[in-house]
Every structure is written in C-alpha cells, then in structure tokens.
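Welcome, and thanks for taking a look at this structure. Let us walk through it together, one part at a time.

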Amino acid sequence: MLKAIHYINQFFGQVGGEDMADYEPEIRTGTVGCTQIFNSLAKDVEVTHTVICGDNFMASRTDEALARILAMLEGVEFDIFIAGPAFNAGRYGAACGQVCKAVKEKHGVPVITSMNEENPGVELFHKDMYIFRGGNRATFMKQDMEKLAAFADRIARGGKLLPAVMEGYFPRGIRHEVFLEDIGREPVMAADRVVDMMIAKLRGEPYQTELPMPALDRVPVAPAVKDLRKVRLALVTSGGIVPRENPDRIQSCSATKWGKYDISGLEKGFTAPEYKTIHAGYDPEQADRNPNVVVPLDAIRAYQREGRIGEVDDYYYTTVGTGTTQGEAARMGREIAAVLHERNVEAVVLTAT
Amino acid sequence: MCNLTNIAKTVGVNKMVPTVSVPYPLGNPQLRPDDEWALRYHRTGVALDALETDVSEQTIFPVKI
C-alpha cells in the first residue's frame, strides 16, 4: 500500500466558502471531505494526510504558502501527491498546479491533479505534471476522483503507463518511443500509417497526426530603436561561437545551456583560434577560420568606429540551435532576455545558422 | 539574421535579414576577402537599419550584396 497526501482548498476541506478563502495552510492526519472518496476508490494507495489551504491565501501569498506546506511535509512519509480535482475553478487550479510542482521538485514523487480543459491551470502546468481531464464543476467529483484513483493505483503497481491521450491526462509534451503492440494497438509500420493518413487527407476524411506541431508564440513587433548611437546594442547567436575551451561546456547538439562571454577587448572582432564554433549541425570550417562569419563582431566594431552605433555590450550571448527543443529554446531566450534587460541593452542583432 | 527565413517566419520572427548560408551566414569562401568583408559589412548594416525601422508585420529586409 502506497501512501498519498491530498491537497484541497478551504471549500472542499469543509472550512468554509469564499469568506474563508484566506485560510492559512494546514495539515491534518487522515482524510477530510472529498479525500474519503479517493480512499474508497483506490485499492493500492491510501491518503494518510490532507493539506488544506485557502485559495486566496495561495494566490496572494504563494511563496509563503508553498514554504509552509513544504515544511509541514517534512518528516511525513508519502509516495504520491494528489491535488484537487479543481474542475473549472481558476484559483484552485493554479493552486493545485503550484503545490504539485513544488512537491515534485522537492520530493521527486509522482504528482497528480485534475482540472477541466478550460481551467487556466492546465495551460500553466500541463508540462510539469499529470493533469487529468476533469469535469467543469463539482458534480463531476466522483468521476474525476475515479480517474485519479485508478491512475494512482497503476503507479502503485508499477504498471506500464500509456500515452497521455490513452491515460486521460493532458499531454505533457514528452515523446517516448513505444511499440504499438505494447500499448494494445495493432502493429502497423510507420510507412503504412503515413500513407493511410495521406489517403484520408486527400479524401477529406478525418485523420490523426502522430506529430502535432506545437502552438507557436507570436510576439508583438518591438517598436523601432530611435537612434542606435544612444543605446547599448548586444550580439546574440544560436551558431555556437564560444571561447576555444568552451568554458561552460555548452552542448554541441540539443543544447540546454547558453553562455555569455566578454568581448570588450575585441576591438577588431573575433579572432581564431581563440574563438570557434561547437555547433554540430553545420560544417565548422568557415566559422572556425573566422568566427565573424557567424557573429559579425568585426562589422559591428567598424560601425561603432564610424559612429553609426554607440555602445556595444561588453558581452555576447551564445548557444547552439540544433536539435534544441522549442521548450529549451524558449527558456534560454527568456533567460538571455532577462540578462539583456538587466544590462540595459535596447537593441540586439541575433544571428542564426 | 538568418539563412532559413521561411523557418524564421514560421516561428514568429518579426524582422529578418537574409544571410548567405547555414555554415557561414555572413561570409562566403568563394569571394575574395575584400568582397566577403563588403558583404558582411553591408548585411550587418541592413540589420542595424532594420532595428531603426518601424514595421507592422513580419518583414524581410532586402540585401544588395
């Protein structure tokens, strides 16, 4: 029998309604309110403690609430963490996501919750945890709890977990290699599947892609820089130009790291072999001969000497853009952008290979 | 500044300056060093001009060399 802890809000914890939404986090031994339903359904998992927190307390004092809940869990043994179901309650959904994420990061246990697809918590947290597709209001309590309990039981038994769509949780954006026969499907080879898909498409019949394209972020166009002589400009690249030793050991492929390196002394641009590329997605011969063909620091310096532009940031920013997932690229982009903001950079020339 | 402007457009880049190729965006080993420099200087200059230009939609800035 595995032990679980269940997180619920003030309402489902039977503390009170909206007037009690500032209720401080609290841990109780045993089950409270809807938690009993879970225990009546699950066969190999038992909720031993219930954490209750008011939705407003979690929303307005998030860091404090999470710290207090994590402190309450110190010394409590548990194998699985469950939150909700949150239905279509926005604050509750966000709270379930935040608590699950914090618990997963600290304890490394499976975390499971349930929300309606309209709950903003799905968009915020579906990549971080199992969020089961739930009903839009509390009348779905039993059905949603059944899904959570059944999945918790399967984790407890160490059973093979199926793809998100088959299990019923929102896809986390993780791809596994599977054999169709292992997930109870007819083994049809990829070439046949793709031709079937194409025929269905040509006939205007429905078909299901196996590689859905991620939804793309659209970024509003930044206003023009009024005068480049009066702002600080920085160079950024996904072309993998690094100091010869690659001091941060940025990966040559599927990068998860980026680096920032001092170029304040390079008045005529990059020099070789002091700088080179570690990008494994293109022939490095030309970039290693002259790294300025990837990051045009020599031309930027020329414009600077001519007075066309003013200050150039003391650092350039670099990573490798081959095999890099959009998720990792977006994270690195945000991190680099934050540093650029801190350094008062107002214009960027980014070169991609 | 990139060679694969179609991909840049697909992923939502707003201002694009075409480059020469993937392995040498701003170079060309077939050119004499002076001409290669002129190309890099020109296209980097187009990128600087692009930064100072207001656009209302995704835009590819043309290059002459």
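Helices here are DSSP runs of H or I with at least four residues, strands are runs of E with at least two, and both are numbered from the N terminus. The side chains of K142(A) and E146(A) meet in a salt bridge, 3.0 Å from N to O; a salt bridge means a side-chain nitrogen of Lys or Arg within 4 Å of a carboxyl oxygen of Asp or Glu. K142(A) is partly exposed at 47% relative accessibility, and E146(A) is partly exposed at 35%. For these words, buried stands for under 20% relative accessible area, exposed for over 50%, and partly exposed for what is in between, with a 1.4 Å probe and protein chains only.

Before going on, a word on the model itself: it is predicted, so local features need pLDDT of at least 70 and side-chain atom pairs count only at pLDDT 80 or more, while totals for chains, interfaces and linings use all residues. Residues are numbered from 1 along each chain as its sequence is written, chains are lettered from A and ligands numbered from 1 in the order in which they are written, and side-chain values use heavy atoms, with hydrogens and water left out.

Back to the charged pairs. Side chains of opposite charge can pair when their charged atoms come close. Over all chains, the count comes to 27 salt bridges. One of them joins E64(A) and R68(A), with 2.9 Å between the closest N and O atoms. Both residues belong to helix α3 (residues 62-73) of chain A, and they too are four residues apart, about one turn of the helix. E64(A) is partly exposed, at 30% relative accessible area, and R68(A) is partly exposed at 27%. This pair is part of a network of salt bridges that links E24(A), R61(A), E64(A) and R68(A).

Which parts of chain A does the pair R157(A) and D44(A) tie together? The closest N and O atoms of this salt bridge are 2.6 Å apart. R157(A) lies in the loop between α6 (141-156) and α7 (164-167), and D44(A) in the loop between α1 (35-41) and β3 (45-53), so the pair ties together parts that are 113 residues apart in sequence. R157(A) is exposed at 52% relative accessibility, whereas D44(A) is partly exposed at 27%.

Now step back to the whole of chain A. It is divided into domain 1 (2-167) and domain 2 (228-351), with bounds from an automatic or database domain assignment. The C-alpha centres of these two domains of chain A lie 43 Å apart.

Next, look inside. The largest nonpolar core has 56 residues, and Y7(A), F38(A), M58(A), F81(A), V103(A) and I112(A) touch the most other members. Such a core is a set of buried Ala, Val, Leu, Ile, Met, Phe, Trp, Tyr and Cys residues joined through side-chain atoms within 4.5 Å. A second, separate core of 48 residues includes I263(A), F270(A), A287(A) and V293(A). Elsewhere, T35(A) lies in helix α1 of chain A and is buried, at 0% relative accessibility. Leaving aside neighbours within four places in sequence, T35(A) is in contact (heavy atoms within 4.5 Å) with H6(A), I8(A), V47(A) and T50(A).

Helix α10 (residues 297-306) of chain A is mostly covered, with seven of its 10 residues buried. Its cover includes β7 (232-237) and β11 (311-318) of chain A, together with α2 (33-51) of chain B. Just after α10(A), G307(A) takes a positive phi of about 85°.

The backbone has other details to find. A cis peptide bond runs from G84(A) to P85(A), with omega near 5°, and P85(A) is in the loop between β4 (80-83) and α4 (90-107) of chain A. Another cis peptide bond joins A272(A) and P273(A), where omega is about 5°. N246(A) is not a glycine, yet has a positive phi of about 45°; N246(A) is buried, at 12% relative accessible area.
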